[in-house]
Amino acid sequence: VHPSKGHIRDSLANGVVGYYAEKGLKFTFRCVNRLDKDTSGLVAVAKNAYTHHKLTEQMNTGELKRTYLALAEGIVTPSEGTVETDIRRIPGRATIKREVCPDGQGEKAITQYRVLERINGRSLLKIQLETGRTHQIRVHFSHLGYPLTGDWLYGREQDTFRQALHSAALRLVQPLTKKELFFSSPLPEDFLLMVNAPETGE
């Protein structure tokens, strides 16, 4: 989403700012929700500070709803549920990696999920976030023993270039018109290839 080491010019922020620059307009990039590197799908970007503030409030209250699709290794059981554990950066290590930790020692994280389909030893999940912690979905399902397909950081390396995680839908209230808006994004081709790939058994 933002420029980072090794990705100075090819972030979403670069693209959006460049889009407005081509129109002769200055633009401050204000994203409301963020996605991990290599997670596909929808991101809400506010056009001004007021809208950003109001949409951030909606995200904090749950009025702005984020729905994800994920492919997890294994047969996730039960078929639906809520994962509620604290998450923190791993202490004493210079890494972006997070971990589940005892209550009160990290940031509260709540993930709701439902299994949509079980395919080739994997589970296709519909997920809604009540909180938005770094790597939240990936950490929670790895903690349960069902890491996301292709997630080398929290699972194992596979013949995919990214974790099978897609921001599929956003529902929000437009701060000025008060109209409820819904946006959806179909699964990209590489995700569909992961869904249909045979289980390796490793």
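Predicted model: local features only at pLDDT ≥ 70, side-chain atom pairs only at ≥ 80, totals over all residues.
Modeller: The buried residues of helix H3 are Gln-136, Ile-137, Arg-138, Val-139, His-140 and Phe-141.

Biologist: Why is helix H3 largely enclosed by the rest of the structure?

Modeller: Helix H3 spans residues 136-143. Strands E4 (65-73), E5 (80-89), E6 (98-101), E7 (107-119), E8 (122-129) and E9 (165-173) are included in what covers its buried residues.

Biologist: Which residue with a positive phi follows H3?

Modeller: The phi of this residue is near 95 degrees. The residue is Gly-145.

Biologist: How many residues apart in sequence are the parts that Arg-138 and Asp-36 tie together?

Modeller: The side chains of Arg-138 and Asp-36 form a salt bridge, with N to O at 3.2 Å. Arg-138 belongs to helix H3, whereas Asp-36 sits in the loop between strand E1 (30-31) and strand E2 (40-41), so the parts tied together are separated in sequence by 102 residues.

Biologist: Are Arg-138 and Asp-36 buried or exposed, and which residue is linked with them in a network of salt bridges?

Modeller: Both Arg-138 and Asp-36 are buried. The residue linked with Asp-36 and Arg-138 in the network is Asp-151.

Biologist: Which strands hold Arg-88 and Glu-99?

Modeller: Arg-88 and Glu-99 form a salt bridge whose closest N and O atoms are 2.9 Å apart. The pair ties together parts eleven residues apart in sequence, because Arg-88 lies in strand E5 and Glu-99 in strand E6.

Biologist: What is the relative accessibility of Glu-180?

Modeller: The side chain of Glu-180 meets that of Arg-171 in a salt bridge at 3.6 Å, N to O. Arg-171 has a relative accessible area of 31% and is therefore partly exposed. Exposed requires over 50%, so Glu-180 counts as exposed at 51%.

Biologist: Which backbone oxygen does the side chain of Ser-167 reach?

Modeller: Ser-167 is placed in strand E9 and counts as buried because its relative accessibility is 0%. Leaving aside neighbours within four places in sequence, its contacts include Leu-35, Ser-40, Gly-41, Thr-67, Tyr-68 and Ser-185. At 3.0 Å, the side chain of Ser-167 reaches the backbone oxygen of Leu-42.

Biologist: How many salt bridges does the structure hold?

Modeller: Among them are the pair Arg-138 and Asp-36, the pair Arg-88 and Glu-99, and the pair Glu-180 and Arg-171. The number of salt bridges in the structure is nine.

Definitions and conventions
Residues numbered from 1 in each chain as written. Heavy atoms only, no water. Buried < 20%, exposed > 50% of the residue type's maximum accessible area, 1.4 Å probe, protein only. Helix = DSSP H or I, 4+ residues; strand = E, 2+ residues; numbered from the N terminus. Contact = heavy atoms within 4.5 Å. Polar contact = N/O pair within 3.5 Å; in protein donor to acceptor, adjacent residues only side chain to side chain. Salt bridge = Lys/Arg side-chain N within 4 Å of Asp/Glu carboxyl O.
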